[in-house]
Amino acid sequence: MDEQTRERQRMVERHLIGRGIRDPAVLEGMRTVPREAFVAAELAEFAYEDAPLPIEAGQTISQPYMVASMAAALELRPSDRVLEVGTGSGYAAAVLSRIAREVYTVERHEELALAASRRLARLGYTNVHVQHGDGTLGWAEHAPYDAIVVAAGGPDVPKALLDQLAPGGRLVIPIGETPREQDLVRVRRHQDGTFDRDDLGAVRFVPLIGAEGWKEAPGTGPVAPRPGASRPEVVAKLIHEAAEPIESIDGANLDALLDRIGNARVVLLGEATHGTSEFYRMRARITQELIRQRGFTVVAVEADWPDAARVDHYVRQLPWERAPGQAFTRFPTWMWRNREVEQFARWLHDYNGAVEAPERRAGFYGLDLYSLYNSIAAVLHYLDGVDPDAARVARARYGCLTPWQGDPAAYGRAVTTGSYRACEEQVVAMLRDMLEKRLEYQLRDGERYLDALQNARVVANAEQYYRAMYYGSRDSWNLRDQHMFETLQVLLAFRGPDTKAVVWEHNSHVGNAAATEMGARGELNVGQLARAAFGDAAYLVGFGTDHGTVAAASDWDGPMEVKRVRPAHPQSYERLCHDSTVPAFQLALRQPRRMEVRDELSAARLERAIGVIYRPETEMASHYFQAVLPVQFDEYVWFDETRAVSPLGESTRSAGIPDTYPFGL
Ligand code: SAM
């Protein structure tokens, strides 16, 4: 099997079967037609992304999921004769020709009709017939058709198409009040000649232009397309006009941003990568202003609780002895063990030093749950000091997890395959006991009890997380984000009723998942949970970049490398931002400076996410997803060119100095 066939199978599994397409003939058709042969050579690498791609004459080849779901909605039989309006590249016609007997397809752009006809002949699709003309009038010569599909959005169902539909036939067409937004509609013609209609959901197609479609010339009445609207260069220009340029991170005027944040209780600051210096520094800058000017006292980050607790100990200058050990030694170390974070922590230390009341000092907390064993150690350490009997019980209970110390994922596997007993009962009992002793412990130990309790919570949720991991990504992803959000709520409650928090996590956690492909897969995230819990009092900020360098690994547990970030995909939000020609900016999306910018960005596009692993060679397959930016974020911060974070640690280690980051001097 060649690479493209493999990618095609993957696309069918992930984007079609994964999203509910079941018709075996449709899936088989999608498995066999080589989509890369229907796009320009330079776009071939993107052929198996579930996205529309540009073709000649300013048109598009439809998204694979859309081609498959329309074909499925046609309920085709092998003997059917099909009419398609809107040949475009000829791809959908080729797919239909694998399912039905004959396909007739009409295209209004002559150059497209010609190119598609040649291409289909070359590839051997002998049962597809292409015609140049206005498809809103159908193709009467070969009527009636058992099925008709229209691949462009019209104001209503063209009468000619209804006439050319055979009794028992199905017609699928996008219909909308404007040329750019539609509902997918299926019309059935009954044996007695009557019709009925069902609605298959909202879609976005290029306009159907013709005698029974929209008029070609712009400006002819309220329903004609706005001149130039949604052409990428127009959107880029709008971004240019609406953006607030950032001249320098240290010097940026953040007054307008702070006004927009207003009285929000939680501000979520994202990042499109886990290793970009500008993202860390800009988040630090915004956070400093929120702490200084708006009384924020919680900085909660995508790091493990016990690791962040060491930074917290330093920044709040806590009076008790710090637990032994090092912070941020787990892969990916550069994510928090870097100069940018160190600098922020030093600032916070000095700032807090000047704050008299300890409860007004801003703390640094970890939301994540990967610290199973450090958290076990922390609970035991606490109980050893305060309640030796309870510590004995805890040791016995947590002993259940000890065999998996080096590889918690193996625990999930062993338990779910039935070869090992789950430790759920024990870890939950531990958490319950810790909660029951709240009054006694908290009264005596205050925040140190909170720390131990949170570690017991991490152990209980991590145990569940590793079991869920065995079943696949959705459940474990959701458990992790739920844990992170719960931790945020615990912090807000603990630090008092008016507490305000800043969160630093990847865009994929802080943007509203409901506005992305993740939502379609049933994944939720911290941003979505915050939006549901706090409404407008949650302010979600995404960060993006076009090109430069980034710190990332090639494989899990691999060494950090400085990798070159490829210029963004032509169909992405990042490309629009790049084409705005503003090198760095803030772009308000909830309250934009120009309303049109929000409208224009509301058409779903690709967005890039670089995690701890970055594989530029295949980034289209692993790092891009579909999103609707203004629903995902309230604001977007852009740095066109970025550079990798500066990792810490190597120099001190190589010089033989004990590595005690952070700040254990
Ligand atoms: N099915 C195509 C494919 O697989 O590549 C994609 C079709 S594209 C989304 C819509 C096509 O409809 C465009 O090529 C456009 O030129 C065409 N179109 C728009 N109005 C039309 C009309 N009245 N008659 C025929 N084609 C039309």
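Domain bounds here come from an automatic or database domain assignment. On that basis, the C-alpha centres of domain 1 and domain 2 lie 32 Å apart; domain 1 covers 3-203, and domain 2 covers 222-269 + 505-645. The model is predicted: local features need pLDDT of at least 70, side-chain atom pairs count only at pLDDT 80 or more, and totals for chains, interfaces and linings use all residues. Residues are numbered from 1 along each chain as its sequence is written, and side-chain values use heavy atoms, with hydrogens and water left out.

**Interface of domain 1 and domain 2**

- Contact (heavy atoms within 4.5 Å) links 13 residues of domain 1 with 18 residues of domain 2.
- The buried area, meaning the accessible area (1.4 Å probe) that two parts lose on being put together, summed over both, is about 1300 Å², and carbon and sulfur atoms give 51% of it.

**Cis peptide bonds**

- The bond from alanine 143 to proline 144 is cis, with omega near 0°.
- The bond from phenylalanine 331 to proline 332 is also cis, with omega near -5°.

- Aspartate 557, which is not a glycine, has a positive phi of about 75°; at 58% relative accessibility it counts as exposed (buried is under 20% relative accessible area, exposed over 50%, partly exposed in between; 1.4 Å probe, protein chains only).
- Threonine 581 has a positive phi near 65° and, at 57% relative accessibility, counts as exposed.
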